[in-house]
Amino acid sequence: MAPIGTFWGDARQRQTKVILSVAALNGLELQQPVFQFGVTNKSPEFLSKFPYGKIPVFEDLEGWTLIEGSTIARYLSDLGNKSVLLGSNAKEAALIDQWVHFAEQEIGFPLSDALGLIYGFSGQFVRENLDKHVERLLRALKYLESYLATRPSVYLVTDSVSLADLVLAGVIHAAARVVLGAAERAEHPSIFAHYSKVTADEKIKEYWGTEDFTEVAVTEPKTL
């Protein structure tokens, strides 16, 4: 199959992992130029296409462009058999959108705030503020854990992987690398069973894994 367009992203990004997984599951080929953060995205050629200068980004064969990870993942999901990743009816589609939103807003936002403090992106480190962000994240995980524990299927909505499952895997992977240590992961067995199931697919497992999970939750400033 010929490439459907060009994708720029960093393999460490959760959004990139989701997008590449969507493409693999839908049998879509993407051109992926060598990307060097802080260099490629500041080049005149890149900025002429994507003036905001951030990744991930996508350009199709006609020069049509998209920014924002969830938007790109949604578009690529729509290019294949929609019922595979986006549900087979309106209710399934709505539930998939619901869980995408929940993963990004209720888990992804406090996680980003916590990482901003830990890595110094959000000003001076204040432990009390970090604890507040992690508390909000854990509140969302508690709700998610209770929901997954009642599911006859390990997946969020249908009996197979959907876009929502991939987006959730993305935020969980990012959280487990820094703020969810072994103790915290043990308190959420259904969530991590979900992560293991979703990411075990032979088509996508190269993008995921657990080898970079932290053993102990990071609670102090850290450098990348």
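**View 1. Contacts between domain 1 and domain 2 of the predicted model.** In this predicted model, 12 residues of domain 1 are in contact with 16 residues of domain 2, contact meaning heavy atoms within 4.5 Å. The domain assignment, whose bounds come from an automatic or database source, places domain 1 at 5–79 and domain 2 at 90–208, and their C-alpha centres lie 22 Å apart. Residues are numbered from 1 along each chain as its sequence is written, and side-chain values use heavy atoms, with hydrogens and water left out. Because the model is predicted, local features need pLDDT of at least 70 and side-chain atom pairs count only at pLDDT 80 or more, while totals for chains, interfaces and linings use all residues.

**View 2. The area buried between the two domains, and the domain 1 side of it.** The size of an interface is often given as the accessible area lost when the parts come together. Domain 1 and domain 2 bury about 1,300 Å² between them, with 69% of it on carbon and sulfur atoms; buried area here is the accessible area (1.4 Å probe) that two parts lose on being put together, summed over both. In domain 1, the residues that lose the most area to domain 2 are R14, K17 and L25, which together account for 47% of what that side buries. Between the domains there are zero salt bridges, a salt bridge being a side-chain nitrogen of Lys or Arg within 4 Å of a carboxyl oxygen of Asp or Glu, but two residue pairs are in polar contact, both at pLDDT 80 or more. A polar contact is a pair of N or O atoms within 3.5 Å; within protein, one must be able to donate a hydrogen and the other to accept it, and residues adjacent in sequence count only if both atoms are side-chain atoms. On the side of domain 1 that touches domain 2, α1 (14–25) and α3 (69–79) each supply at least two residues, and the largest share, eight residues, comes from α1. Helices (H or I, at least four residues) and strands (E, at least two) are DSSP runs, numbered from the N terminus.

View 3. T6 is found in β1, residues 5–8, and counts as buried at 11% relative accessibility, where buried means under 20% relative accessible area, exposed over 50%, and partly exposed in between (1.4 Å probe, protein chains only). The side chain of T6 makes a polar contact of 2.9 Å with the side chain of Q31. Not counting residues up to four places away in sequence, T6 touches Q31, P33, V57, F58 and E59.

**View 4. The salt bridge between K49 and E59.** The side chains of K49 and E59 meet at 3.0 Å, N to O, and the pair links distant parts of the chain, with K49 in helix α2 and E59 in strand β3, 10 residues apart. K49 is partly exposed, with a relative accessible area of 31%, whereas E59 counts as buried at 13% relative accessibility.

**View 5. The salt bridge between R177 and D212.** The side chains of R177 and D212 meet at 3.1 Å, N to O. R177 lies in the loop between α7 (163–176) and α8 (182–186) and D212 in the segment after α9 (189–199), so this pair ties together parts that are 35 residues apart in sequence. R177 counts as partly exposed at 32% relative accessibility, as does D212 at 31%.
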